[in-house]
Amino acid sequence: MDHLQTFQVVPNIPEQLSFLEALSRNLWWSWKQDAIELFRRIDPRLWEESERNPIVFLTRISQTRFEELARDDSFLAHQERVKERFEKRACATADWSECLSGKQGVVAYFSMEFGIHESLPLFAGGLGILAGDHLKASSNMALPLVGVGLLYRQGYFRQFLDQDGWQQEEYPEIDLYNLPIERARDHSGNEIHISVTGPDGEIHAVVWMIRIGCTPLYLLDTNLAENSSKIREITSRLYAGAPEMRLAQEVLLGIGGIRALAAIGINTEMCHMNEGHSAFSSLERIAQIMSKYNIDLKTALEIIPRATLFTTHTPVVAGYDRFPADLVKPYLRPLRKRLGATEDEILSWGQPPMEPDPNGPLSMFVLGLRMSQYCNGVSRLHGKVARRMWSHIWPKRPEDATPISHITNGVHLQSFLSSEHTILFERYLGPDWFMSLRTSHNIKRIDKMYGEGLWRAHEMNRSRLIGACRKQMIKQYRRRNAPKPVMEEVESVLDHDILTIVFARRFTTYKRANLLLNDPERFEAILNSKTHPVQFIFAGKAHPKDHEGKELIQRLIGFSQRPSVRHRVVFLENYDMHIARHLVQGADVWLNTPRRPFEACGTSGMKAAINGVLNVSILDGWWDEAYSEDRGWRIGNGEEYADPEYQDSVESQALYNILENDVIPCFYERKNGGYPGRWVKMMKESMKMAMLDFCSLRMVSEYNERFYIPAAKRLKSLLENDAREARNLAVQRERLSANWDSIRIEPPVREKDGPFRAGEAFRVNAIVHLGKLSPEEVEVQLFYGKLKAIDKLSESHTEKMTIKEEPGNGKYLYTCAITCNASGRYGFTARVTASGDDRIRFTPGLITWAP
């Protein structure tokens with residue numbers, strides 16, 4: 001019907017309950033059990049029917065019920081308790097004054113997706129939930145950090161399976177009136193609108209804000225009347241398929257996001273890019289700082305990268321976006337004048353530095369990498385993989401010297417901890433346990449929990465999981481119009497008391513959801529053991545265009561429909577945060593079978609671990625550094641295979657063996673009919689591990705200490721005195737680049753021959769020709785270590801060499817001593833690198849080796 005005028009009716013909530021409305025509009029409630037229970041106790045059935053969305057929920061409560069609650073002393077006391085916590089935590093003011101003086105700035109955290117709660121469907125999976133956990137932990141810590149993303153009107157797809165077990169997708173429209181969003185405004189109260197010039201004209205966007213505790217999340221939205229239908233689609237779906245649409249999304253996120261922050265009046269001191277999707281943000285930051293401080297491009301390029309962090313999550317090159325030059329250049333064209341650079345020059349920033357090509361594609365990873373002094377992977381193993389993948393960006397440098405570090409991901413424990421475990425934690429660790437996770441006394445208190453009490457809490461969680469699975473299966477089969485006999489069977493699927501193993505993650509080939517199906521008969525025998533039965537719960541989505549992933553689901557469904565196992569194996573459709581919470585809280589074992597080393601980190605196992613769930617996993621991602629035999633099991637020993645089929649064969653047998661010989665006997669090991677003591681001891685170790693090493697509080701603290709604070713201080717120093725230091729750095733870089741080719745280093749010579757005894761030392765000399773460069777501009781190093789091959793070191797060390805003689809004409813004799821700390825076969829050579837901070841030292845091309 002045309003020309004409808006709309007209006008909104010909100011509930012008439014009594015004054016005594018007015019806090020409920022304020023609470024519903026800040027997602028702080030989503031990780032506070034007491035706040036969730038405050039809503040739920042009003043009407044538990046309606047809370048679930050409203051899909052745990054308090055804004056929807058409150059509109060469905062009758063006026064009579066509101067009046068009853070306004071007279072309920074118990075409810076009002078509960079509300080007052082939550083309100084007191086809310087005002088203390090969610091209304092805290094972020095303060096960075098101890099780190100910086102003067103005007104306060106913020107960290108801008110950019111991500112393509114944010115997973116805060118299932119009622120805000122702006123995420124596809126782990127990357128988004130990690131981003132949400134980052135914001136939640138920042139709120140807990142009252143860090144001056146804001147999130148920046150896009151508001152998708154259809155979000156990510158909802159999954160359902162057809163009669164043949166083939167995944168189907170639907171994209172329901174999100175009703176903005178049911179979200180806790182408000183228009184972002186500047187200091188004068190004006191609504192924020194920004195625009196970005198694209199190939200089809202101006203892309204207009206409005207900016208929304210969502211409160212995540214005391215951390216704001218800003219979201220850009222192109223669904224405006226002044227935009228064409230094509231432009232309005234930019235923020236329609238997360239990860240739109242067409243390259244043109246993906247590029248438009250990433251330009252809007254990066255360039256538009258920075259413009260939005262500037263329009264709001266936010267001073268961005270540090271930009272943290274969660275993956276390469278927002279790499280265009282650096283272009284806008286450079287243009288803005290050039291205009292604000294009246295500096296040239298070369299000077300700006302010494303400033304912005306030193307205040308930028310790039311976190312990579314992808315362990316395969318094909319996982320990064322690469323856009324053809326002809327698609328990118330229309331977006332770069334409007335930046336030419338502001339940057340004082342040609343389109344081809346800007347394009348080259350997103351290409352390997354030694355391979356610029358005006359017609360070649362732009363890599364979002366390379367652009368993010370070259371515009372960031374700080375770059376990290378998301379686990380120890382992934383850092384190593386990333387250094388190997390991208391070492392070609394820094395030619396002539398050893399792989400392990402590639403400037404990509406790692407910070408292992410962590411999870412926001414409160415968001416995934418069960419209510420039973422929350423009660424235990426508050427009883428044994430105190431009400432604010434989540435703020436002192438890593439203290440030794442808290443870790444020790446886990447050991448003091450009564451084993452039987454912990455086990456009973458876990459059994460309640462498993463029972464709740466089984467109930468949720470039955471409810472979900474009924475819903476799935478009812479939608480398929482299953483006959484009555486089938487529906488009756490579904491109602492009793494799974495068992496409350498047997499070992500429950502969960503596999504829940506994205507369905508793609510390298511995650512190998514089908515590893516258990518390599519020997520179906522052996523798998524079936526495990527499931528149907530008379531004395532030690534086992535049941536499996538699977539969940540996960542395949543990307544809409546990933547047919548191989550969809551085939552994995554279909555094959556699994558086919559196996560689960562065998563009459564002999566249909567009560568022991570289920571697949572839950574539309575895996576989301578609500579289902580995930582049930583799974584990580586109620587499983588006995590969390591199974592992970594990726595093909596090493598393709599799991600960058602993986603965080604679902606961490607969420608399970610804090611609930612006392614034991615991990616069984618390939619040594620990949622986080623488990624490679626977390627595994628210990630007292631807290632879980634490993635599949636294999638960290639091998640990497642060239643033949644995938646052989647790898648699957650070997651590791652599927654290893655998995656069956658571990659289940660049959662270790663996991664299952666341990667679970668059913670009961671003395672005198674009591675609880676499984678050895679299993680519960682491992683549960684405690686698993687919980688301590690998650691608290692100590694894999695919580696988001698540790699992760700964000702590490703980002704803050706290693707990157708945020710140093711970068712903010714560095715930005716301040718670079719801008720002082722009319723950006724004098726930055727201008728000097730630009731001159732230094734230009735001088736180094738112009739004269740580096742004149743550097744020559746002769747083969748280093750040791751003063752005495754070996755062999756040497758451990759503990760002895762010897763001196764090495766090298767003649768270096770610096771040309772027009774001075775010794776202060778370079779660093780001469782001896783590079784040495786144990787030999788792995790005749791021309792390769794297994795581990796490398798560097799020793800700074802100092803000037804021994806100055807013969808003249810740019811010729812210098814450098815020397816240093818090496819101490820022989822351990823016996824073995826060693827090799828050494830010498831090299832010259834640029835002197836300065838990491839941004840200068842790791843400039844591609846500024847390194848020369850002795851022949």
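## Helix packing

Helix α7 (residues 126-141) packs against α29 at an angle of about 80 degrees, and the two axes lie 9 Å apart; here helices (H or I, at least four residues) and strands (E, at least two) are DSSP runs numbered from the N terminus, while axes are lines fitted to C-alpha atoms, for helices over the stretch in contact, with angles running from 0 to 180 degrees between N-to-C directions. The two helices α7 and α29 are therefore roughly perpendicular to each other, on a scale where angles under 35 degrees count as roughly parallel, over 145 as roughly antiparallel, 65 to 115 as roughly perpendicular and the rest as oblique. On the α7 side the contact is made by Leu-130, Asp-133, His-134, Ala-137, Ser-138 and Met-141, and on the α29 side by Ser-696, Leu-697, Met-699, Val-700, Ser-701, Tyr-703 and Tyr-708, contact meaning heavy atoms within 4.5 Å.

This is a predicted model, in which local features need pLDDT of at least 70 and side-chain atom pairs count only at pLDDT 80 or more, whereas totals for chains, interfaces and linings use all residues. Residues are numbered from 1 along each chain as its sequence is written, and side-chain values use heavy atoms, with hydrogens and water left out.

## Helix α28 and its partner

Val-663, Cys-666 and Phe-667 of α27 meet Arg-678, Trp-679 and Met-682 of α28.

Helix α28 (residues 677-693) has 17 residues and, at 1.5 Å a residue, should span 24 Å, which agrees with the 24 Å between its end C-alpha atoms; the expected span is 1.5 Å times one less than the number of residues. Because twelve of the 17 residues of α28 are buried, the helix is largely enclosed by the rest of the structure, where buried means under 20% relative accessible area, exposed over 50%, and partly exposed in between (1.4 Å probe, protein chains only).

## Nonpolar cores

The largest nonpolar core has 174 residues, and those with the most contacts inside it are Leu-23 and Phe-280; such a core is a set of buried Ala, Val, Leu, Ile, Met, Phe, Trp, Tyr and Cys residues joined through side-chain atoms within 4.5 Å. Helix α29 (residues 696-739) gives the most to this core, with 13 residues. A second, separate core of 78 residues includes Leu-413, Leu-499, Leu-527 and Phe-559.

Leaving aside neighbours within four places in sequence, the contacts of Phe-280 include Leu-247, Val-251, Ile-255, Val-328, Leu-332 and Met-364, together with Glu-250 and Gly-254.

## Cysteines

The structure holds zero disulfides, a disulfide being a pair of cysteine sulfur atoms within 2.5 Å. For Cys-375, the closest cysteine sulfur is that of Cys-271 at 13 Å, too far for a bond. Cys-375 is buried, with a relative accessible area of 3%, and Cys-214 also counts as buried, at 16% relative accessibility.

## Loops and backbone geometry

The loop between α16 (380-390) and β14 (405-406) holds Trp-394, which is buried with a relative accessible area of 8% and touches Leu-369, Thr-402, Pro-403, Phe-842 and Pro-844 when neighbours within four places in sequence are left aside. Lys-396 is found in the loop between α16 and β14; Lys-396 is exposed, with a relative accessible area of 60%, and has a positive phi of about 75 degrees although it is not a glycine. Glu-275, in the loop between β9 (268-274) and α10 (281-293), has a phi near 80 degrees and is buried, with a relative accessible area of 4%.

A cis peptide bond with omega of about 10 degrees joins Arg-596 and Pro-597, and Pro-597 is found in the loop between β18 (589-592) and α25 (604-610). The peptide bond from Gly-754 to Pro-755 is cis as well, with omega near 0 degrees, and Pro-755 sits in the loop between β22 (749-750) and β23 (761-769).
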